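Here is a short report on one model. Keep the sequence and the coordinates open while reading.

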Amino acid sequence: MKISQLFGRGDPVVSFEFFPPKTSEGVEQLYKTVEELRPCRPSFVSVTYGAGGSTRDRTLELVSRIERELGITTMAHLTCVGSNRAEIRETLRRLHDGGIRNILALRGDPPKGETEFKPVADGFQFASELVAFIREQPWDFCIGAACYPEGHVETRNLEADLAHLQKKVACGVDFLVSQLFFDNEDYRAFVRRARSAGITVPVVPGLMPVTNVNQTERFTQMCGARIPQELYRRLRIVASDPAAVVATGVQWAVDQGRALLRDGAPGLHFYTLNRSSASLAVHAALGL
């Protein structure tokens, strides 16, 4: 099923994001983790590329297997990193042949060791170009794209970032998934700006329950998200108790999710970091 068909049915569109492990054993463990989600009836799950597109084949194999064997609607991430047009077209063919009808089109991060994104020869510089290319192909995909409530880490100018998003959506995006954030007002302000700019597609907020303070600090530094002082204060109080850190992170995410859905968000997208227990705890507390 296309994810775009899930919106507007009255129920929130709830999804979980995973990344493909580097080993075959890890892939099997992740498959079991996704299988355990079935009782939660997720709207869909998504699987990323590894850094620099390094796990592309595992992503292709895993998303097709989840879709085929578990019957869970699955979205494959697709980036511009390290691939030219012919290679991306072949990836699209493989995804379609594998039963995948949903793609999250991203520019992607620079490969490890590089600080600036550089397209390969006959590749793409921007996600908008990738979206347009997918739309030109004979396969009918539903296309999601990323958005950044606090601005892209490389474009802290919110107006410039919004202009890039307008172009990307105009190229054929069906829905948006936001970068993680911890302050709902950042999402609300972003949606207001997007709607004022004529962007009408659904904007799904992305949540990541804190389970490890140091890991969250590293992750937010990479993606440009801000940890509010109140959340920092609560985490510092329980810093010496790992279980209490998880409980604090889960409660913050529960409060976020409840307020977002009450305010009319079309759903919730959980960044699991392949540790689904915290996201499942939030899911259960929200009664989804």
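How many bridges join β3 to β4? Five bridges join the two strands, which run parallel. The model is a predicted one.

## The barrel

Eight strands form a closed barrel. Their order is β1-β2-β3-β4-β5-β6-β7-β8, and the pairing is parallel. From one strand to the next, the twist averages 30 degrees.

Strand β7 covers residues 203-207, and strand β8 covers residues 267-271. They pair in the parallel sense over two bridges. Within that region, G206 has H269 of β8 as its bridge partner. Helix α6 (residues 184-196) packs on the sheet. This helix touches β5 (142-147) and β7. The direction of α6 makes about 160 degrees with that of β7.

Strand β3 spans residues 74-79. Six of its six residues are buried, so the strand is largely enclosed by the rest of the structure. In a regular strand, side chains alternate between the two faces of the sheet. In β3, T74, A76 and L78 point one way. M75, H77 and T79 point the other way. Both sets are buried.

On one pairing, β2 and β3 run parallel and are joined by three bridges. S46 has M75 of β3 as its bridge partner. On the other pairing, with β4, A76 stands opposite I103.

R107 sits in the loop between β4 (102-106) and α4. Is R107 buried or exposed? Its relative accessible area is 15%, under the 20% cut-off, so R107 counts as buried.

The side chain of R107 makes a polar contact with the side chain of E154, at 2.9 Å. Residues up to four places away in sequence aside, R107 touches T79, C80, V81, F117, Q125, F126, A127 and E154. One of these, T79, belongs to the buried set of β3.

## Helix α5

Helix α5 runs over residues 158-170. At 1.5 Å a residue, its 13 residues should span 18 Å. The end C-alpha atoms are 18 Å apart, which agrees.

Which residues of α5 are buried? They are D161, L162, L165, K168 and V169. Seen down the helix axis, the buried residues fall within an arc of 115 degrees, so they line one face of α5. They pack against α4 (127-136), β5, β6 (175-180) and α6. On the other side of the helix, E159, K167 and A170 are exposed.

Both ends have a feature to inspect. At the start of α5, a side-chain oxygen of N157 reaches to within 3.0 Å of the backbone nitrogen of E159. After the helix comes G172, with a positive phi near 130 degrees.

A265 has its place in the loop between α9 (242-262) and β8. With 10% relative accessibility, A265 counts as buried.

A265 and V204 lie 61 residues apart in sequence. In space, their C-alpha atoms are 6.7 Å apart. Neighbours within four places in sequence aside, A265 is in contact with Y187, P205 and L260.

## Two positive phi angles

R41 has a positive phi of about 50 degrees, although R41 is not a glycine. This residue lies in the loop between α1 (24-35) and β2 (44-47). Its relative accessibility is 71%, so R41 counts as exposed.

L273 also has a positive phi of about 50 degrees and is not a glycine. L273 is found in the loop between β8 and α10 (276-286). What does its accessibility say: buried or exposed? At 17% relative accessibility, L273 counts as buried. R41, by contrast, is exposed.

How values were computed: Residues numbered from 1 in each chain as written. Predicted model: local features only at pLDDT ≥ 70, side-chain atom pairs only at ≥ 80, totals over all residues. Heavy atoms only, no water. Pairing = 2+ DSSP bridges. Helix = DSSP H or I, 4+ residues; strand = E, 2+ residues; numbered from the N terminus. Axes fitted to C-alpha atoms, helices over the stretch in contact; angles between N-to-C directions. Contact = heavy atoms within 4.5 Å. Buried < 20%, exposed > 50% of the residue type's maximum accessible area, 1.4 Å probe, protein only. Expected span 1.5 Å × (residues − 1). Arc of directions from axis to C-beta. Polar contact = N/O pair within 3.5 Å; in protein donor to acceptor, adjacent residues only side chain to side chain.
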